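Dear colleague,

I am handing over the structure below, and I would be glad if you could look through it before reading on. My notes on what was found in it follow directly after.

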Amino acid sequence: MTMNLFNQFLSPTFLGLPLIAIALMAPCLLYPSPAPWWQSNRWTTLQNWFIGSFIKQILSPINTKGHSWALLLATLMVFLITLNTLGLLPYTFTPTTQLSLNMAFAVPLWLAIVIMGFRNSPTHALGHLLPEGTPTPLVPILIIIESISLLIRPLALGVRLTANLTAGHLLIQLVSSAAFSLLLSQTTAASLAVSLLLLLTILEIAVAMIQAYVFVLLLSLYLQENV
Amino acid sequence: MADRPVPVVEKRLMDVKLGELGTWMGGRDFTPNGLLSSVRRGYERYYNKYINVKKGGIGGLAMLLAGYITLSYVWEYNHIKHDRWRKYH
């Protein structure tokens with residue numbers, strides 16, 4: 001099993017067509033578009049409630065000018081949460097385990113926020129590099145440290161999402177293969193492994209949703225500083 | 001009760017007799033627009049039957065997810081068939 005442990009993260013192709021294309025389109029197909037009439041079906045109502053409450057919560061600390069980012073943040077959140085949770089189904093492929101995809105989300109959005117901040121109020125944006133009340137001798141070092149922390153944000157955003165999901169999937173595969181191989185010979189150990197697997201699956205579902213939320217929350221935080 | 005005679009190509013697939021299947025396939029619209037419209041019609045049929053109902057249950061979504069799982073299995077079969085429990089048998 002050690003040889004094919006990471007095989008689940010290879011992008012699978014079938015007759016030359018990559019599954020990642022279908023996996024990326026799956027969130028679009030699963031959400032019904034809102035209907036113009038007042039009372040819609042249960043799924044549309046659920047969807048509207050979820051997106052509405054999420055946007056209300058995430059846009060509350062941002063001033064009015066940043067509210068134009070609502071559509072982007074809502075779409076990102078729904079997309080990430082769907083991709084993560086669909087990846088927990090058997091045999092499915094999780095595109096968010098690919099670092100390339102997560103960096104493709106993180107870098108342009110972070111860069112857009114930073115450039116917007118520098119363009120609208122450059123002194124304010126540069127002022128973020130030095131926290132208030134630092135003692136004077138520490139100022140040069142602190143500016144360097146703060147700029148490094150600013151530059152590392154997109155890397156952290158992308159790698160955080162990738163690492164959390166990849167680690168979760170790996171753990172599930174390891175524990176399930178251990179439980180399966182122990183099932184006949186040492187049943188007590190196997191039952192321990194099965195209970196661990198159950199807890200792990202619940203954790204993974206939670207992590208899938210939380211990581212999507214954290215991604216979007218941090219982006220909104222950076223937006224708050226810069227808008 | 002006599003049904004009005006309908007041309008073969010306009011019948012629904014379940015009403016086409018086995019002998020008429022060739023004529024039916026030949027008369028269908030296989031242009032990209034035709035394919036897209038048939039996909040859209042199929043989607044609308046599924047949506048209106050299982051999801052766009054006042055008290056939709058989990059079944060509508062569950063069938064979609066089950067279809068997604070089988071599709072993923074088919075896509076990854078060439079990869080999975082090499083999986084082994086032991087290195088040497």
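Within chain B, confidence is lowest in helix H1 (residues 21–27), where the mean is 77, and highest in H3(B), where it is 87; helices here are DSSP runs of H or I with at least four residues, strands are runs of E with at least two, and both are numbered from the N terminus. For the complex, the predictor gives an ipTM of 0.82 and a pTM of 0.84.

As to conventions, residues are numbered from 1 along each chain as its sequence is written, while chains are lettered from A and ligands numbered from 1 in the order in which they are written. Because this is a predicted model, local features need pLDDT of at least 70 and side-chain atom pairs count only at pLDDT 80 or more, whereas totals for chains, interfaces and linings use all residues; side-chain values use heavy atoms, with hydrogens and water left out.

Turning to the interface, 28 residues from chain B and 32 residues from chain A take part in the contact, which is counted for heavy atoms within 4.5 Å. Together the two chains bury about 2700 Å², 69% of it on carbon and sulfur atoms, where buried area is the accessible area (1.4 Å probe) that two parts lose on being put together, summed over both. Tyr68(B), Trp75(B) and Trp85(B) supply 30% of the area that chain B buries against chain A, more than any other three residues. Helix H2 (32–51) and helix H3 (58–80) of chain B each supply at least two residues of the side that touches chain A, and the largest share of that side, 15 residues, comes from H3(B).

Between chain B and chain A the rule finds 0 salt bridges, a salt bridge being a side-chain nitrogen of Lys or Arg within 4 Å of a carboxyl oxygen of Asp or Glu. Over all chains the count comes to 1 salt bridge, and the side chains of Glu44(B) and Arg40(B) meet in such a bridge at 3.2 Å, N to O. These two residues are 4 residues apart in helix H2 of chain B, and so are separated by about one helical turn.

Finally, an unreviewed UniProt entry annotates residues 56–75 of chain B as "transmembrane region"; UniProt positions are given in the numbering used here, feature names are shortened, and annotations may be inferred rather than shown by experiment. In the model, the end C-alpha atoms of this span lie 30 Å apart, and the span is 90% helix and 0% strand.

With best regards

How values were computed: pLDDT is the predictor's confidence in each residue, from 0 to 100.
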